[in-house]
Amino acid sequence: MDEIEVPEYFLCPISLQILKDPVTTITGITYERESIEQWLKAAKSNPTCPVTKQSLPRDSELTPNHTLRRLIQSWCTVNAIYGVDRIPTPKSPIKKSHIFRLIKDLDAPDDHLRTKALRRMEALAKENERNRTCMVEAGVTKAAVLFIIKCFKEGKTTGLEEVLRILYLIWNPSQENKLLVRENQDFIDSLTWILRCDQINNHVDVKTHAMLLLHKTTEIVCQKLLESLKIDFFKEIITRVLRKRISKQAVKSSLLVLTEVCHWGRNRMKIVEANAVFELIELELEKPEKNITELIFNILAHLCSCADGREQFLKHAGSIAMISKRVLRVSPATDDRALHILDSISKFSASDEAALEMLRVGAVSKLCMVIQADCAPYLKKKARGILRLHSHMWNNSPCIAVYLLTRYPG
């Protein structure tokens, strides 16, 4: 292929690759369809033709250049002996009228017709970005959300698997999506119901996509809705996703959701009530990937800021040992959250048991290592503060050098 000179007019002016789906713009220049569509999409305002610099509106018609495509295909066939691959005939772009008919079929009383429409939509969404954009513009996002809510209210699960995958594929953080779900409690309740529902075929895939969509939803819903999430919301996430480890994607999304909503005190109390602290510690004891550990430690730090959270944390026999082992072994972000947890535990525990446990499992020695390690000054300061707090209990311990408590003044 490198030895063959490709005719210049066979190349897209943007990608400089052989045209596979050539389209001609209103300016008379031919481009690869995907390249010019991306160009128009990326333009901030008043897009222009890359070659002529003439105005080229985003909604301007792109006309398939069948003659040029046939010439290129013939050239590829002739030069096949030199390793040139033949270019297949591209599929015609879908029309919005076709999408409108599929959306209409979602309201049909016949389950078979609805399922057929959903499977066709899913196939189109998987094909390419152009199809997904067309589907969004035709209103598939709204239709999918309403379909999911209808399933929830009627207690039906037929079509859920397909519609969840479609919605996930076409989801984008557009203003239209924000308006659609920003104050939509029914949609959150519907996704929560899916996590709880056990009468679903292929339930792992269905619940994983429900969890992925819950994460995307919590990123754009209004603060009022986030502050008033129901206890069932947290119980389903923690018992059905975290505890059962239904999939890596679902677990990560559940942690991202908890991170998003635990900033509010009422949510923290509900998360603790749903037994999240125990499940988070159990998950971390399995030694997950670094990014999962960072999420777990961040959530635990928030939960340990309240008394009930600290109480649950200390009830787990391996909690302090787990925190201690991760310090200086994962990342600076994990160190920050770990010391925050140890600080909260050591400051606000009602008895000396937590301090004695820190000594037994090596947390005190690890704090000394933080002071000596090459880490941020504020972390060293925090470690010294924790050590001084219980110096009367730890001074005589053989596992801690007393000079560390006095050598580095605050």
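Predicted model: local features only at pLDDT ≥ 70, side-chain atom pairs only at ≥ 80, totals over all residues.
**Entry 1: two helices**

I began with helix α7, residues 160–170, and helix α10, residues 203–218. Two packed helices are described by the angle between their axes and the distance between the axes. I looked up both values. The axes of α7 and α10 come within 9 Å. They cross at roughly 35°. Which hand does the crossing of α7 and α10 have? I noted it as left-handed.

Next I listed the residues in contact. On the α7 side I found E161, L164, R165, L167 and Y168. They meet D205, V206, H209, A210, L212, L213 and K216 in α10. I then sorted this contact by class. It has seven nonpolar, one polar and four charged residues.

**Entry 2: aromatic rings**

I turned to the rings. The count comes to four aromatic pairs. I looked at the pair Y9 and F10. Their ring centres are 4.8 Å apart. Their planes stand at 80°, so I wrote the pair down as edge-to-face; the cut-off for that class is over 60 degrees.

Are Y9 and F10 buried or exposed? Y9 is exposed, with a relative accessible area of 55%. F10 is buried, with a relative accessible area of 4%.

The pair F152 and W193 came next. Here the ring centres are 5.8 Å apart and the planes are at 50°, so this pair is tilted. I checked where the two residues sit. F152 is in helix α6, residues 140–154, and W193 is in helix α9, residues 185–196. The pair therefore ties together parts that are 41 residues apart in sequence. F152 is partly exposed, at 24% relative accessible area. W193 counts as buried, at 11%.

I also noted a cluster. Y9, F10 and W75 form one aromatic cluster.

**Entry 3: salt bridges**

Side chains of opposite charge can pair when their charged atoms come close. How many salt bridges does the count come to? I recorded 27. I followed up three of the pairs.

I started with E129 and R132. Their side chains meet in a salt bridge, 3.3 Å from N to O. Both residues lie in helix α5, residues 129–138. They are three residues apart, so about one helical turn separates them. E129 counts as partly exposed, at 33% relative accessibility.

Then I took E236 and R196. Their salt bridge is 3.8 Å from N to O. E236 lies in helix α12, residues 231–242, and R196 lies in helix α9. So this pair ties together parts that are 40 residues apart in sequence. Is E236 buried or exposed? I found E236 buried, at 8% relative accessible area. R196 counts as partly exposed, at 33%.

My last pair was E286 and R245. Their side chains meet in a salt bridge of 2.9 Å, N to O. Where do these two residues lie? E286 is in the loop between α15 (276–284) and α16 (290–303). R245 is in the loop between α12 and α13 (248–261). The pair therefore ties together parts that are 41 residues apart in sequence. E286 is exposed, with a relative accessible area of 51%. R245 is partly exposed, at 24%.

I closed with a network. Salt bridges that share partners join E122, K126, E161, R165 and D205.

Terms used
Residues numbered from 1 in each chain as written. Heavy atoms only, no water. Axes fitted to C-alpha atoms, helices over the stretch in contact; angles between N-to-C directions. Helix = DSSP H or I, 4+ residues; strand = E, 2+ residues; numbered from the N terminus. Left-handed = near helix turned anticlockwise from the far one by under 90°. Contact = heavy atoms within 4.5 Å. Nonpolar A, V, L, I, M, F, W, Y, C, P; charged D, E, K, R; others polar. Phe/Tyr/Trp six-rings, centres within 6.5 Å; stacked < 30°, edge-to-face > 60°. Buried < 20%, exposed > 50% of the residue type's maximum accessible area, 1.4 Å probe, protein only. Salt bridge = Lys/Arg side-chain N within 4 Å of Asp/Glu carboxyl O.
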